[in-house]
Amino acid sequence: MNIPDDAFYGLLTKAVQLRDGETLQRTIYHALRNAILNGQLQPQSRLPGSRAIAQQLQLSRNTINAALDQLATEGYLLRDRQGSQVATLPHSPTNETTPPLVIRLPPHLAQLPAGTRRDSPVLAFTPGTPAVNYFPLPLWRRLLDRVWRDEGSTLLGYGDSAGEWSLRMAIARHLALSRGIDCDASQVVITEGAREGLNLCTQLLSERGQPVWFEDPGYFGARSAFISAGLPIHGLPVDEEGMCFTSVALPTPRFIFTSPSHQYPLGNLMSATRRLAWLEFARQHDAWIIEDDYDSEFRYSGEPIPAMLGMVPNAPVVYLGTFSKTLFPSLRIGFVVMPKALAKSVQPAIHSLLRGGHRAEQRTLAHFIEEGHYARHLASMRRLYRKRQAQLRAAIQQELTFPHQISAGEGGMHLTVKIAGIDDGKVVDLARQFQLAPAALSRFYLDPTQGETGLVLGYGNTSASRFTAGIRTLNQLIAQTRRASE
């Protein structure tokens, strides 16, 4: 052995004395393993017998043998009748300092938009976060208990890759009534939120390098999905009628991404004329429209607007929906609705790309929809959000002293307040110190330096009692950042 007996036993004795909640067996195992890896015990060194180690440490011989056997199983020791010998490891470590790791990340990661922190639902004005404290949790628990009681262990397997049939049928019926989409369950694929639905679209319908036409400003998550898939993004401006056609020469798109029912973040509604024009453009250019039906369930004036997928027969549209905003974010259940021909064509690929899961939650959601609880919850949330929006408008009018313009706002869970000439990114960063989490409007643009500035104020998760003080604080931060830049 290359280490004297007293040093060897001292090593183990110290480890036993300093063990913190570990079993004696794991303590001995880790002490010897670390000594082998750092070169204290060199290859071909022989260890004392297990009996001698046990006697010296006053431990059970079984404990010592169990630790030595585990090291032999993992290849650190060779054990035979003569005892234990340190194995010769490939590239045996030494005590020399190893150079630090050189990290080279894929270049496309630098193009990703900054992620939105969602560490706490209590930060006021967080966009995209619903009033989760109004969710009927006792009812949900009863439905979930019923599913487990009725289905039991049959739900513990993967299930259908496209999702539970009962939920797909419930979604199809709901969309027929609320969104004017004539579809059946075979056209619906359950995903883990809208982001996985976007990933599925890029995997099924595109190849790296194919262009995407994208709303500018637009949704962070969609940008990340397209960038990760290697699809170059070309921004198109948004006006009062939604995403505009551009006079700039752009490569023919594979995807046209839009949120026509409530554009995010500006809140505009795409006109029927423009919807039909985009549908015809997509058909002529063999492009797919990805319709993100963001916040369509929360419309506060007029009749529900039909989805683009339901406007014309055989529309070249893939429709994305999610329950993260209408129910609660951690549910992580979204869905994709495809034209019938596309759904049939991609069915084999879906079984390869997706794995079924969350079966009990999906069955519970199916009951929640079919028994009318979902429609009642939506109606309740519409009343709450309509009232909160009016109260937030009043607070903005009262407390915001800088010239501003509220963009759209006929629905949804946020208001976008355009305020020219401010450093909205800095205001947002400072606001977190006051438990406020609005978003900076400029950061939704492909080029933030060229975009409009302002604040995106979520009211879904924020009680109206916090509006006045919150807007007053934001007003002070705007004034503070303006003075600092002068």
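Strand 5 (residues 233-239) and strand 6 are paired in the antiparallel sense over two bridges. The model is a predicted one: local features need pLDDT of at least 70, side-chain atom pairs count only at pLDDT 80 or more, and totals for chains, interfaces and linings use all residues. Residues are numbered from 1 along each chain as its sequence is written, and side-chain values use heavy atoms, with hydrogens and water left out.

Strands (E, at least two residues) and helices (H or I, at least four residues) are DSSP runs, numbered from the N terminus. Two strands pair if DSSP finds at least two bridges between them.

- Contact here means heavy atoms within 4.5 Å.
- Axes are lines fitted to C-alpha atoms, for helices over the stretch in contact, and angles run from 0 to 180 degrees between N-to-C directions.
- The open sheet has eight strands in the order 3-10-9-8-7-4-5-6, and its pairing is mixed.
- At the edges stand strand 3 (188-191) and strand 6 (242-243), each of which pairs on one side only.

- Four strands form an open sheet with antiparallel pairing, in the order 11-12-14-13.
- Strand 11 (405-407) and strand 13 (439-440) are the edge strands; each has a single partner strand, so one side of each lacks a neighbour in the sheet.
- Strand 11 runs antiparallel to strand 12 (residues 414-418), and three bridges join the two.
- I406 has V417 in strand 12 as its bridge partner.
- Helix 12 (residues 373-399) lies across strand 11, strand 12 and strand 14 (454-458), and runs at about 25° to strand 12.

**A hairpin**

- Strand 1 (residues 77-80) pairs with strand 2 over four bridges in the antiparallel sense.
- Two residues lie between strand 1 and strand 2 in this hairpin.
- L78 has Q85 in strand 2 as its bridge partner.

**Salt bridges**

A salt bridge is a side-chain nitrogen of Lys or Arg within 4 Å of a carboxyl oxygen of Asp or Glu. Burial is given by relative accessible area: buried means under 20%, exposed over 50%, and partly exposed in between (1.4 Å probe, protein chains only).

- The structure holds 16 salt bridges.
- One of them joins R363 to E151, with the closest N and O atoms 2.9 Å apart. Because R363 lies in helix 11 and E151 in helix 5, this pair ties together parts that are 212 residues apart in sequence.
- R363 counts as buried because its relative accessibility is 19%, whereas E151 is partly exposed at 30%.
- E164 forms a salt bridge with R359, the closest N and O atoms being 2.8 Å apart. The pair links distant parts of the chain, 195 residues apart: E164 is in the loop between helix 5 and helix 6 (165-178), and R359 is in helix 11.
- E164 is buried at 5% relative accessibility, and R359 is buried at 13%.
- A network of salt bridges links E151, E164, R359 and R363.
- E452 forms a salt bridge with K418, with 3.2 Å between the closest N and O atoms. E452 lies in the loop between strand 13 and strand 14 and K418 in strand 12, so the pair ties together parts 34 residues apart in sequence.
- E452 is partly exposed at 36% relative accessibility, while K418 is buried at 17%.

**A366 in helix 11**

- A366 belongs to helix 11 (residues 359-370).
- The relative accessible area of A366 is 4%, so this residue is buried.
- Leaving out residues up to four places away in sequence, A366 touches S166, L167 and A170.
- A366 and L353 are 13 residues apart along the chain, and 23 Å separates their C-alpha atoms.
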